[in-house]
Amino acid sequence: MSADIVELLTSPQLVIAVLVSISVFATLFTILTPMLGGNELKARMKTVATERDEIRARERARLAAEKQQNRGSLRMEAKSGGMGDIVERLDLKRALADQATVDNLRAAGFRGQQPLNTFLFLRLVLPFLFFVVALAYVFGLGSFAEQPTGIRVLVCVGFAYLGFYSPNIYVTNKASKRKTSIKKAWPDALDLMLICVESGMSIEAAFRKVSEEIGSQSIPLAEELVLVGAELSYLQERRQAYENLAHRTSLESVKSVAQALIQSERYGTPVGQALRVLANESRDQRLNEAEKKAAALPPKLTVPMILFFLPVLFGVILGPAGIQVSQSGGIF
């Protein structure tokens, strides 16, 4: 009975059916997700609004604590349950997380304690899950049967190692996509901010207005600008809000703008002139990157053309001639 089950699970027909089912599901998921997912911008702005309320509550609690030294802080620590309890009991923050981990999560758009707890919990659980799945596949289904037992165990350990680092891979990929989106929309955001500042708006109102307009082009950038506006309103030092923006995005163009805004706050220099220069530099940098990608296309297309285009082209050109020669009985 077990041999029949193993033979059924390892049969080519079943493997092809599973792959076809996965492909159909992925296609339907890709097509229907944008239709059923709702407005992503509204969801992200709602999350940012929650974080803005947290900033307000934190600053109010800090001010109240400074006025009432003999009383405890007015801010109540949120009780964490589920994954948070496991993370605290096993002290996973000290073992698996550092400041770079927190910075990567923030760069990927995951802020707060709950995303960190989820990240640490997955790094704890996924190695065991991947290892069990690999054991079932290698030893249960008889895969790699021709290999020695040590090699098969090493394959299972490799899957566990992959499970341990898969959350890091996901967060790094998410942060990279987020930075790319911010980098593409940043010159346009500077242009809009320049228009707002020169029209007489304050810098807080300019950030708020630009976040509303730039959301259709880059949701991550709109989210960051909303956070900057909230921090400018509630933080004790405005300089800290600009530094936080540069730290979260980790982009040189954003750091330059943050430094210009900090100097403007400190020395009273005009903001409009600095924004105009930085907007032109960001636009030129985006154009140069586009030209570099366009210049790199011919070398990248050489191998695909040799492997895929030229054989088809030769077949189309020489195919009729070969058919005529074969029908006539040969060249001579």
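Modeller: A crossing is left-handed if the near helix is turned anticlockwise from the far one by less than a right angle, and right-handed if clockwise. This is a predicted model: local features need pLDDT of at least 70, side-chain atom pairs count only at pLDDT 80 or more, and totals for chains, interfaces and linings use all residues. Residues are numbered from 1 along each chain as its sequence is written, and side-chain values use heavy atoms, without hydrogens and water.

Biologist: How many helices and how many strands are in the chain?

Modeller: Both are DSSP runs, numbered from the N terminus: helices are H or I with at least four residues, strands are E with at least two. From the N terminus on, the elements run α-α-α-α-α-α-α-α-α-α-α-α-α-α. The count is 14 helices and zero strands.

Biologist: What percentage of the chain's 332 residues count as buried?

Modeller: Buried means under 20% relative accessible area, exposed over 50%, and partly exposed in between (1.4 Å probe, protein chains only). Of the 332 residues, the buried share is 27%.

Biologist: How far apart are the end C-alpha atoms of helix H10?

Modeller: Helix H10 covers residues 219-234, which makes 16 residues. The expected span is 1.5 Å times one less than the number of residues, so H10 should span 22 Å. The model agrees, with its end C-alpha atoms separated by 23 Å.

Biologist: How many of the 16 residues of H10 are buried?

Modeller: H10 is largely enclosed by the rest of the structure. That follows from its buried residues, which number 14.

Biologist: Which residue's side-chain oxygen reaches toward the backbone nitrogen of Leu 221?

Modeller: Look at the start of H10. The two atoms are within 3.4 Å. A polar contact is a pair of N or O atoms within 3.5 Å; within protein, one must be able to donate a hydrogen and the other to accept it, and residues adjacent in sequence count only if both atoms are side-chain atoms. The oxygen belongs to Ser 218.

Biologist: Are H10 and H11 roughly parallel or roughly antiparallel to each other?

Modeller: Axes are lines fitted to C-alpha atoms, for helices over the stretch in contact, with angles from 0 to 180 degrees between N-to-C directions. Those of H10 and H11 come within 8 Å and cross at roughly 160°, in a right-handed crossing. Angles under 35 degrees count as roughly parallel, over 145 as roughly antiparallel, 65 to 115 as roughly perpendicular and the rest as oblique. H10 and H11 are therefore roughly antiparallel.

Biologist: Is the crossing of H4 past H7 left-handed or right-handed?

Modeller: Helix H4 is residues 83-90 and helix H7 is residues 113-140. Their axes come within 9 Å and cross at roughly 70°. H4 and H7 are therefore roughly perpendicular. H4 passes H7 in a crossing that is left-handed.

Biologist: Which loop holds Ser 250?

Modeller: Ser 250 has a positive phi of about 60°, although it is not a glycine. Its relative accessible area is 39%, so Ser 250 is partly exposed. Its place is in the loop between helices H11 (238-249) and H12.

Biologist: Is Pro 270 buried or exposed?

Modeller: Pro 270 sits in the loop between H12 (252-267) and H13. Its C-alpha atom is 9.8 Å from that of Ala 260, ten residues away along the chain. At 56% relative accessibility, Pro 270 counts as exposed.

Biologist: How far apart in space are Gly 272 and Glu 198, C-alpha to C-alpha?

Modeller: Gly 272 lies in helix H13, residues 271-295. At 11% relative accessibility, Gly 272 counts as buried. In sequence, Gly 272 and Glu 198 are 74 residues apart, but in space their C-alpha distance is 6.2 Å.

Biologist: What distance separates the C-alpha atoms of Val 254 and Ile 182?

Modeller: Val 254 is in helix H12. Val 254 is buried, with a relative accessible area of 1%. Val 254 and Ile 182 are 72 residues apart along the chain, and their C-alpha separation is 9.3 Å.

Biologist: How many disulfides does the count come to?

Modeller: The rule asks for a pair of cysteine sulfur atoms within 2.5 Å. Cys 156 counts as buried at 1% relative accessibility, and Cys 196 counts as buried at 9%. The disulfide count is zero.
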